[in-house]
Each structure stands twice: as structure tokens, then as C-alpha cells.
Amino acid sequence: MMQNNSHRIGHLMSDLIRPQIKALSAYHVADAGKMIKLDAMENPYHLPDELIAQWLQKISRAELNRYPDPHASELRDKLRAYMQVPEGQTLILGNGSDELIQIMAMTVAQPGRVILAPEPGFVMYKMIATFVGMDYVGVPLRDDFSLDLPAMLAAIKQHQPALLFLAYPNNPTANLFDEKAMLEIIQASKGLVIVDEAYHPFAGESFMSRLGQFENLLVMRTVSKMGLAGLRLGLLAGSPKWINEFDKVRLPYNINVLTQISAVFALENAGVFEAQATAVREQRSWLLNDLNKIPDLQVYPSRANFILLRLQKADANKVFESLKQQGVLIKNLNPAGGALTQCLRVTVGTPNENSAFVAALKKSL
Ligand SMILES: *Cc1c(COP(=O)(O)O)cnc(C)c1O
């Protein structure tokens with residue numbers, strides 16, 4: 001009986017679960033344990049104690065028995081001002097920008113419709129395309145990870161992507177794409193072009209002020225990389241024409257009470273996060289400088305809070321494991337293969353964390 005049953009369930013499963021989902025493996029997050037955590041582009045700094053005390057005061061008054069404000073109005077107003085969203089443009093908030101990518105995809109998904117992005121790029125674009133039954137097209141970057149404009153334009157013509165993502169700076173390559181090439185891509189696209197500015201605090205460049213110049217341009221930001229990864233809060237800015245449609249797909253209470261209160265509080269104290277971003281940018285220069293002195297290591301330039309490395313002699317898998325043995329967790333990109341063969345990605349941490357990483361790396365090589 002039992003065996004029959006599990007057999008039947010096995011059959012049911014293979015009928016029910018879409019083959020595209022069966023073929024996936026779940027998004028893998030490494031367990032850092034007590035290691036120095038330089039794998040996920042988190043801000044390494046905490047809030048000062050006096051701010052924690054003020055934050056706890058606000059949180060203590062949260063009404064957890066009530067649903068949150070479905071429009072998160074106060075938070076939206078604060079974000080609009082802080083992120084300098086232009087007049088006439090509007091905002092939708094997501095439970096992380098990951099949710100916003102999903103909302104956009106759900107809104108446009110139809111069999112045969114395409115999400116397009118340069119590769120190597122942010123893995124969620126492809127994963128979400130698969131979740132919603134869209135096709136994904138990745139267009140290879142050049143060897144120096146700059147945009148291959150002719151290839152992009154040809155792919156746009158051929159696939160007519162409904163959504164085209166340009167991460168600015170790009171993850172995992174850490175560079176900013178050429179602005180003129182991006183403008184050409186926006187103009188050549190009939191679908192929506194989303195400039196994903198997750199690393200804006202470290203980049204100093206933005207397409208935000210260009211919203212309104214192009215009907216099909218949207219700009220996405222997140223508070224994750226600036227020091228609030230635990231909150232899960234992203235925003236998408238653009239013409240109400242699009243945003244109002246996305247808003248129909250958004251689940252009504254996607255930004256919870258604690259996130260709304262905490263993010264408003266954070267924005268009222270934005271100077272603290274800006275000082276932390278400045279420290280990270282300084283540490284980035286320090287780290288780039290130190291890494292550049294190590295032989296047989298290709299160090300790519302960075303406009304983000306992480307650095308892409310390619311090992312020219314040593315084996316990335318072995319170095320990654322050796323770093324772990326020494327208590328430092330970074331990201332091994334070698335398993336992705338292709339343009340990322342023998343590549344590692346390290347998040348910029350505190351001065352102590354960065355020195356520990358460099359020392360451990362030298363030992364590993
Ligand atoms: C980290 C990252 C995000 C995800 O942001 P969340 O708001 O934490 O979901 C989006 N885009 C890029 C390019 C990223 O690297």
C-alpha cells in the first residue's frame with residue numbers, strides 16, 4: 001500500500017511540477033557561521049548604539065495586530081525625496097528589488113516573451129524568467145565586461161524583449177556600462193528597459209534624472225547594499241503608465257509594518273548610511289591597491305562594493321576552499337564557467353576584514 005502510494009505521488013509530482021522548475025536548483029545561500037562574511041555585498045557596519053535605542057523606541061510602538069499601510073505612503077514619500085525621483089514619475093515598492101523583478105515579469109509574461117540581459121549578470125533575471133514561463137536571452141559582454149553594443153542591438157531586433165535589464169554597476173563584474181551605449185539600447189528597445197541601480201551608493205552615477213526622457217525607461221534601487229539588507233526593501237521608479245499596471249500585480253501588504261517603520265527611521269538618519277558608504281568606497285580603493293600588487297591575479301576595476309578577481313595560475317575552487325579554511329567566506333564564481341572561469345568575487349568589508357582577506361588570499365596562492 002505504502003509503496004503504491006508513494007509511487008502514485010511520484011507520478012502526480014512529475015505531472016504537476018513544470019519541467020522548467022524541476023530542472024532548477026533552489027537559490028543557494030552559503031552558511032557563513034563564524035566566518036568573515038564577504039560573499040553577499042552586505043554593508044559590514046552596524047548602527048551606532050544611540051541610533052539603535054531610538055529605533056527600538058519607534059519599533060516598540062508598531063501595531064503588529066494591524067495590517068501595514070498597503071501603500072506605505074510615508075515611506076514612499078521619504079524614498080521619493082531621498083532618491084530624487086523626478087516630478088511626474090511614480091514609485092512602487094517591493095519586498096527587495098527581487099520582488100519588483102518578479103512583479104514586472106508577472107505583468108508581461110506570455111509564452112514566447114523574452115527577458116534579456118547582458119551576461120555575466122545578476123542571476124535573478126534568468127531565474128524569474130523561468131518562474132513565470134518567459135524565455136531568457138543572455139547577451140555576452142566583451143572580454144573587458146563592457147557592453148557589446150552591436151550584439152545587444154542585434155539581439156533586441158531579433159528577440160524584441162519585453163523586459164531588458166541593465167545592472168548599473170553590473171553584478172558580478174562591478175563595472176559601470178558606457179552611458180552612450182545604454183542610451184542607444186533604451187532608444188532601440190520597444191519593450192521596457194530597467195536600469196538596476198542596486199549599487200548606487202558606491203557608484204556615483206545614475207539614470208534616475210533621465211526618467212521622463214524615455215517612455216520605456218525604469219530605474220530600480222534597493223536599500224539592501226546601503227546597509228539594510230535585512231529589511232527587504234526595493235523600489236522601482238518610472239512613468240505612472242507602467243507603475244500603475246505593476247501595482248495591480250503587487251500583493252496588497254508586501255511591505256510589512258517593521259520594514260516601513262525601520263526604513264522611514266533609516267532615511268531620517270541617512271547621513272549615517274552615507275558615511276558608511278564613504279568608508280566602504282575608501283576601503284575599496286585600499287583593497288584594489290593591495291590586490292593589484294599580488295602576482296598572477298587579475299583585478300577588475302570596481303564601481304560597486306565588491307571586486308571581481310580572476311586567478312591566472314591558481315585554481316579558483318582550491319583558493320575558495322582554502323579561504324574558507326582560514327575563516328573567510330567570499331563567492332566562488334568558477335562553477336558558473338564561461339567568462340567567469342577561475343573568477344572569485346569579494347565584498348568590500350571593514351579594514352580588519354579586508355586585511356584578513358588579503359592575508360588569507362596570499363597564503364592560498
Ligand atoms: C543584490 C542585487 C539586487 C537585489 O536586491 P534586493 O533588493 O536585496 O532584492 C538587485 N540587483 C542586483 C544587480 C543586485 O546585485
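**Aromatic pairs and the ligand shell**

Guide: Across the whole structure, which is a predicted model, a search finds 6 aromatic pairs.

Visitor: How is the geometry of an aromatic pair read, and what is the arrangement of Phe 122 and Tyr 125?

Guide: Planes over 60 degrees apart count as edge-to-face, and those under 30 as stacked. Phe 122 and Tyr 125 are edge-to-face, with 80° between the planes and 5.4 Å centre to centre.

Visitor: Why is the pair of Tyr 125 and Phe 165 stacked?

Guide: The planes of these two rings are at 10° and their centres 4.3 Å apart, so the pair is stacked. Tyr 125 belongs to helix H6 and Phe 165 to strand E5, so this pair links distant parts of the chain, 40 residues apart. Together with Phe 122, these residues form one aromatic cluster.

Visitor: Are Tyr 125 and Phe 165 buried or exposed?

Guide: Buried means under 20% relative accessible area. Tyr 125 counts as buried because its relative accessibility is 1%; Phe 165, at 0%, is likewise buried. Phe 122 is also buried.

Visitor: Which polar atoms of the protein lie by oxygen atoms of the ligand?

Guide: A polar contact requires N or O atoms within 3.5 Å. Among them, a polar side-chain atom of Thr 222 is 2.5 Å from a ligand oxygen, and a polar backbone atom of Ser 97 is at 2.7 Å. Arg 232 places a side-chain N or O atom 2.7 Å from an oxygen of the ligand. The protein covers 94% of the 390 Å² of accessible area that the ligand has on its own.

Visitor: What is the composition of the shell by class?

Guide: The shell has 5 nonpolar, 5 polar and 4 charged residues. Helices H5 and H10 each supply at least two of its residues.

Key. Residues numbered from 1 in each chain as written. Predicted model: local features only at pLDDT ≥ 70, side-chain atom pairs only at ≥ 80, totals over all residues. Heavy atoms only, no water. Polar contact = N/O pair within 3.5 Å; in protein donor to acceptor, adjacent residues only side chain to side chain. Areas by Shrake-Rupley, 256 points an atom, 1.4 Å probe, with all protein chains shown as cover. Helix = DSSP H or I, 4+ residues; strand = E, 2+ residues; numbered from the N terminus. Nonpolar A, V, L, I, M, F, W, Y, C, P; charged D, E, K, R; others polar. Phe/Tyr/Trp six-rings, centres within 6.5 Å; stacked < 30°, edge-to-face > 60°. Buried < 20%, exposed > 50% of the residue type's maximum accessible area, 1.4 Å probe, protein only.
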